[in-house]
Amino acid sequence: MTTPIPRKPGFWLACLPIALTFVVLGVQLFYFGNFTPHIPLAIGVAITALIGWLRGYRWPEMEDGIMRVVRLGLQSVGILIIVGMIVGIWIASGTVPYLIKLGLSLISPELFLAASVLICAVVSVSLGTSWGTTGTVGLALMGIGSGFDIPMYWTAGAVVSGAFFGDKMSPLSDTTNLAPAVTGVNLFDHIRNMLPTTIPAMLIALVIYLFAGFSLIGDQAVDFGRIETIINGLDQHFNLSWPLLLPLGVTVLLALKKMPALPTLFAGAMLGLGTAMLTQDVSLQQAFNFMFSGYQIDTGVREIDALLNRGGIQSMTWVITLMLVALAFGGVLERTGCLEVIMEKILTRAKSFGAIQSSAIATSAMTNVIGGDPYLSIALPGRMYAPAYRAKGYSALNLSRAVEEGGTLISPLIPWNAGGAVVITALGLGIAEGQTENLLYIPLAFACWLSPLIGMAYAHLGWFSPRLSPAEADQNQSEQTASVKPALAK
């Protein structure tokens, strides 16, 4: 029996598994009211595999495609595990409670949202990880915002804007390194080329957060008695002093020394363990439990208990399992040719440079929606679109910026994406428990969606759109020559 030759699907057949998966996802989210997208995405894997099988692909091939993409996310799984450990032990050590106390004591309520953006941006640029920033400093800021009685979704939007801005601009970030790697440009040229879209987006976001801060606080008097209750509750249950900032300070220092993310974050977790044992009378067994199962406390103050009872590796299992299923879906879509067919169709319709740039941003964003992973959303369009840019005479720096804007920045705005799942879990937004109003953080993360829009506008106006450099032109000529020689030989 001969093995059928695999054939790529047609455009509409390539769209079919995505459409059917979104129908199942819609039933789960909106009809059943259950915010757990794992099973619909797993069904999407099966639907795509069935279509692939009908087109001649066999399971071992599709399984290999799934495993290859899943391996791309294993470093992220490691980061998530360590972030869960850090959240639990930094609460137990008093680091997070001390940051909350400082914030409630020092930050003006009206300036809180704007300050949150700046603080998260600085920390994220230093650490090179939006997820680590969200789970540590972001969590503390959620506590401060709660003390000021600012809605959770406003604080979460500010945290996401700052954390993912920093991730995008940090030379230590994995996504910031991945984008120039897949498009073949220099890392620091890539970072410089993102400034024209990133700076205006951040400035606009800051103005909005300043206005919102004064509006929110202006509508109601700040309950300083409530703030005092929270501060007193923290003082009663933790020994709070400046040495508790040591785990955060050393972690930032190691990141600035360009240590890899995993050992840097693990060092922060171990420092938190030592700090908890030395300053809070936590036993080694308790510390291990906090790092695995999360911190537990009953202070009698509802706001403190709701904020601090969290963390641990187990808190990240929902995110990790979602991420693995989403990666499997993206992997089987890529292996069966569905994503390639869809991208090729888009490229045939994009004639001008503005259309190509907008399509690259939109494709990265849609890959985030479909594949559920920021790495896939950067790697796939980065590989597919590069020849189109060179053919138009434009530098691949435009493409590297496009995939960062549609990949890194859109990731936290999609709840079932790895980035969105981390935000929802680490900040305790309680979406799975029915607090769906906190999904308003998505439109309120202004810097994340303003930057792609500015990038599209620049492309159509011809602003900040570098042309091919001499080196890139030579590379393009070499590739064209290499592709012509085999054809002549035939």
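Predicted model: local features only at pLDDT ≥ 70, side-chain atom pairs only at ≥ 80, totals over all residues.
How many residues of domain 1 are in contact with domain 3, and how many of domain 3 with domain 1?

**View 1. Domain 1 meets domain 3.** Here 15 residues of domain 1 are in contact with 14 residues of domain 3. The centres of domain 1 and domain 3, taken over C-alpha atoms, are 21 Å apart. Between domain 1 and domain 3, about 1,300 Å² of area is buried, and carbon and sulfur atoms give 88% of that area. Phe 11, Ile 18 and Phe 35 supply 41% of what domain 1 buries against domain 3, more than any other three residues. If you look for salt bridges across the interface of domain 1 and domain 3, the rule finds zero.

View 2. To get your bearings, follow the protein chain through domain 1 (11-69), domain 2 (77-318) and domain 3 (336-474).

**View 3. A nonpolar patch on the surface.** Val 23, Val 27, Tyr 31 and Phe 32 form this patch, and together they have about 460 Å² of accessible area. Tyr 31 belongs to helix α1, which covers residues 11-31. Tyr 31 counts as exposed because its relative accessible area, 68%, is over 50%.

**View 4. His 190 and its neighbours.** You will find His 190 in helix α10 (residues 187-219). With a relative accessibility of 0%, His 190 is under the 20% cut-off and therefore counts as buried. Leaving aside residues up to four places away in sequence, His 190 touches Thr 176, Ala 179, Pro 180 and Val 185, along with Leu 397, Ser 400, Arg 401 and Glu 404.

Technical notes:
Residues numbered from 1 in each chain as written. Heavy atoms only, no water. Patch = residues over 30% accessible without salt bridge, like charges linked within 9 Å, V, L, I, M, F, W, Y side chains within 5 Å. Areas by Shrake-Rupley, 256 points an atom, 1.4 Å probe, with all protein chains shown as cover. Salt bridge = Lys/Arg side-chain N within 4 Å of Asp/Glu carboxyl O. Helix = DSSP H or I, 4+ residues; strand = E, 2+ residues; numbered from the N terminus. Buried < 20%, exposed > 50% of the residue type's maximum accessible area, 1.4 Å probe, protein only. Domains from an automatic or database assignment. Contact = heavy atoms within 4.5 Å. Buried area = accessible area lost by both parts, 1.4 Å probe.
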